Amino acid sequence: KISFEELKQTFEKVNVEMLIYQFGVNVVPNIQEDYSFYEKWVFEQLTYLRKAKPGIPILVIGVSDMSMKKGEEFVSYPNIAKIRDAQKRAAFRAGCAFWDMYQAMGGENSMAAWANANPTLATPDYVHFNHAGAKIISQFLYKALMADYEKYVRNHKPKPQS
């Protein structure tokens with residue numbers, strides 16, 4: 001809800017060189033059949049951010065798994081993959097990178113596994129990572145970024161001069 005001029009000035013003042021965009025779990029409890037409205041909203045936000053600083057790299061981090069109680073068990077909400085897919089489509093349409101946190105943490109029912117791990121990696125709400133889980137998921141992200149960077153460097157080595 002920040003004004004465009006304020007956003008642009010803030011980017012300049014703090015010398016923003018990259019944005020990491022992570023949202024999604026608040027959408028999860030609102031189970032829908034179609035998330036095109038959400039894809040449109042994410043795309044518009046990413047476009048707005050890019051317009052404030054053209055050419056800025058943006059990494060969209062997809063929604064994590066999130067559990068709900070079903071009987072005596074905690075299971076993934078049935079719409080996580082749909083939300084993740086909407087985020088991914090919006091990111092690619094806006095020219096942004098995308099990292100699939102849901103897949104990285106293990107996909108369906110992974111939050112329950114993280115919450116029930118010993119030691120536990122998520123809070124008892126089966127929604128949020130605890131400190132240990134946040135550290136692990138951040139290491140997954142770091143390794144993914146470094147693997148892609150190393151691949152880029154390998155593929156863009158200067159050709160030897162003859």
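1. An α-helix has 3.6 residues a turn, so residues three or four places apart point the same way.

2. This is a predicted model, in which local features need pLDDT of at least 70 and side-chain atom pairs count only at pLDDT 80 or more, while totals for chains, interfaces and linings use all residues. Residues are numbered from 1 along each chain as its sequence is written, and side-chain values use heavy atoms, with hydrogens and water left out. Helices (H or I, at least four residues) and strands (E, at least two) are DSSP runs numbered from the N terminus.

3. α3 has 14 residues and reaches 20 Å from its first C-alpha to its last, close to the 20 Å expected at 1.5 Å a residue; the expected span is 1.5 Å times one less than the number of residues. Just after α3, G95 takes a positive phi of about 75 degrees.

4. Helix α2 (residues 36–52) should span 24 Å for its 17 residues, and its end C-alpha atoms are 24 Å apart, which agrees. Y38, E39, V42, L46, L49, R50 and A52 of α2 are buried. They cover an arc of only 165 degrees around the axis, which puts them on the same side of α2. K40 and K51, both exposed, lie on the face turned away from that buried side. The cover over the buried residues of α2 includes α1 (4–13), β1 (19–22), β2 (58–61) and α3 (80–93).

5. β1 and β2 run parallel and are joined by 4 bridges; strands pair if DSSP finds at least two bridges between them. I20 stands opposite L59 in β2. The β-α-β crossover from β1 through α2 to β2 is right-handed, that is, clockwise from the first strand over the helix to the second with the strands pointing away from the viewer. The covered face of β1 holds L19 and Y21, the uncovered one I20 and Q22.

6. In α6, G133, I137 and L141 are buried. Among the elements covering them are β5 (97–99), α4 (101–104) and α5 (110–116).

Note on methods
Buried means under 20% relative accessible area, exposed over 50%, partly exposed in between (1.4 Å probe, protein chains only). The arc is that of the directions from the helix axis to the C-beta atoms. Contact means heavy atoms within 4.5 Å.
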